[in-house]
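Here is a report on one chain. It covers charges over rings, aromatic pairs, the overall fold and model confidence.

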Amino acid sequence: MHGRPRKAYKPEEEAASAAKAVKLRSLQNQFMSNHHAKIYTKEAIDLSTKLLEINPEAYTAWNYRKLAVEDALSREESNQDLVKSVLDEELKVVESALRQNFKSYGAWHHRKWVLSKGHSSVGNELRLLDKFQTLDSRNFHAWNYRRFVVELTNRSKEDELKYTEDMISKDFSNYSAWHNRSVLLSSLLAKAEGFMPNEKIPDEYQLVHDAIFTDEDDQSGWFYHLWLLDQTVNVETPLLTSSWPSHGSCINLSGGAGCLNDSSSSKLTTSCSESGSFPLILYFNQAVGGVSSSTVTVDSELRGNEDLVWEPVSNKNSRVSSVWVARLKYMSSEPCFPKEYTVKVRIGNSPGIVSSRGCNFSTPYEFVFTAHVHDTVREDSQEVAVSWTDGFDIWDAQSKDLNFLVNLDQQMGLKWRQEAIEEEIELFRALSDSKIGKLTLARLLMAKAMISENGVKGVHYEEILELYNDLMVLDSSHYHYYKDEHSVALLHKVTSSTESLSRHLFRYRDMNNSVCLRLNNLSLSRIASVEKLLFVQMLDLSHNELHSTEGLEAMQLLSCLNLSHNRIRSFSALDSLRHLKQLRVLDVSHNNIGEHSVDTTRYLCSSPLSNSEWTEDEVGRQMTSLVTKYWDAYFVLRDLNLKQLDIAGNMIAGDEFYTLVPQVVPTLVWLNGHRVRS
């Protein structure tokens, strides 16, 4: 283990081990008898001590001693000297056990439990830890316990920070010391009392350079450097990254199942809904909670939107998410003439939006958009199947529409971040011949691209993509990781400017000039940058290497999605699509759905074993055997209002499955290009 080969036992060592096993079994039998009988005499407790001297990992023995201590304290609670004596004895037993096995989980947990009783001196604990950490400076049990003890004392975090520096100077490969340093600095930087990020983080880069350039192959310093880079790029407080509609945009809204066809409109995107509402989307840079009508104010003349209900878009059924959606009503029962409404959305004027890390949204933001409402209703039974090859017009490269539709990154405006990253880039170019050097340089360039002006981003992305291409060749054991990072960088490049994004945009004439984004044939294995694509209504991701649709749940306007010729293995990998209420066309043909007999991704969503609601569904009752067999497809498809589904070219595709699909999706009109109902 950890690179240390096992050595063969000598005959005398094997004999000693056998004798120890006999003694251990005898002690265990006697101990368990006392434990079951709840005997807490001195002799019984001494027996447990002997057992723990031989086997400090005997969790039951530690739990028994807790019960024995509680029994003694309940009888002698008023005698403080006796209470202290009982607890001090426990500390001695733990210390003896740790000398046998310094990595005993049970012993360290028991010592924490004893100290938490509040009758023992914690002053000796740091001195004891110094002795233990001299023997094994990297032991993470001791470092965890050290953090626990420091919390019980008045020892300052600054003193502990100095201690970690001393330990690192003795051994650069002390990962536990580096980790503890990151924990301490996170707390100190959050308080900003004498520890300003723009001053402290550059100093930390200098410290970790000594470790990295002393031993390039040691991972401890590299992990800390990655943590520092995260601190440099990311901000603690949550920010609004993008929204739909975006600030200054104009949208066309129409009623009924159809959309208004207004190809002559400029700076407009068309939206429609059978329910007479459209999604209002907020995309934050990190998961937040507390988004509600009290923290987000919507001012407009549109009726029925006084108390909007905000819902998090998350596959984890959590009330915390980076994407929040409310549906804004725009149609009433009364006939109305075409009218223009101004909608103003204000976020963060009232407290309550908090990140999952406990940071408040402290940067109020306001955006205004215009809604053109048309009382136009037409039936749309989708007489013709949607085609992904015909009916598309090239996006006008000179159009200014994207200036309104796309929210590009908010600049943090902190010069020190750019300067720190720039210095790191120049330094690590000297190590670009090694795998870790290339990886770190790619990460640094990506960080710089994320906080740079739009005009120079493309240059960085080209170099990043080249570095990941090199890494996929040099380090094949981590090929899939590099492939994912390459995909992320490529999508960031595509969305880094309106010019680059417009090359992939089209208008689909047969669906009222819907905005179509084509990202096909790019060898993508992962989805990213969706916060800049909230306006897209049709998305072509065909002929890529995607295994999952994770991330697409934020694209609430999606009505058509092409995922054909990818590497999707099950319907569970499509679970995020359940959040897309306007999705009508889905193509998952020529994937690997149903091909693998064992597919761990199938268990990313609920199964019949843990969810019985399918038995309450009419389809579930009438087609029980098929629902049980295809439960992952059932749980995904039943939440979609699809009119067109293509699934040919998958192992799951067959007559039996085709019998189930129209029953689960009663709105379906087209299946694999064939009409299933009028």
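## Arginine over aromatic rings

Arg518 sits over the face of Phe392, 4.2 Å from the ring centre. Arg518 also lies over the face of Phe506, at 5.8 Å from the ring centre. A charge counts as over a ring if NZ of Lys or CZ of Arg is within 6 Å of the ring centre and within 35 degrees of the ring normal.

This is a predicted model: local features need pLDDT of at least 70, side-chain atom pairs count only at pLDDT 80 or more, and totals for chains, interfaces and linings use all residues. Residues are numbered from 1 along each chain as its sequence is written, and side-chain values use heavy atoms, with hydrogens and water left out.

## Aromatic pairs

A pair of aromatic rings is described by the distance of the centres and the angle of the planes. Rings of Phe, Tyr and Trp (its six-membered ring) pair if their centres lie within 6.5 Å; planes under 30 degrees apart are stacked, over 60 edge-to-face, and the rest tilted. The count by this rule is 24 aromatic pairs. Phe102 and Trp108 form a tilted one, 5.8 Å centre to centre with 55° between the planes. Both Phe102 and Trp108 are buried (under 20% relative accessible area; exposed is over 50%, partly exposed in between; 1.4 Å probe, protein chains only).

Why is the pair of Trp222 and Phe428 tilted? The ring centres of Trp222 and Phe428 are 5.7 Å apart and the planes stand at 55°, so the pair is tilted. This pair links distant parts of the chain: Trp222 is in helix H11 (residues 219–233) and Phe428 in helix H13 (residues 415–428), 206 residues apart. Trp222 is buried at 8% relative accessible area. Phe428 is buried at 0%.

One aromatic cluster is formed by Phe102, Trp108, Phe132, Tyr145 and Phe148.

## Overall fold

The chain has 21 helices and 19 strands. Both are DSSP runs, numbered from the N terminus: helices are H or I with at least four residues, strands E with at least two. Of its 678 residues, 50% count as buried.

Contact means heavy atoms within 4.5 Å. Among contacts with a separation of 6 or more, 67% join residues 24 or more positions apart.

## Confidence

pLDDT is the predictor's confidence in each residue, from 0 to 100. The chain averages 84, and 86% of the residues score at least 70. Over residues 257–267 pLDDT stays under 50; the model has 28 contacts beyond four places in sequence for them.
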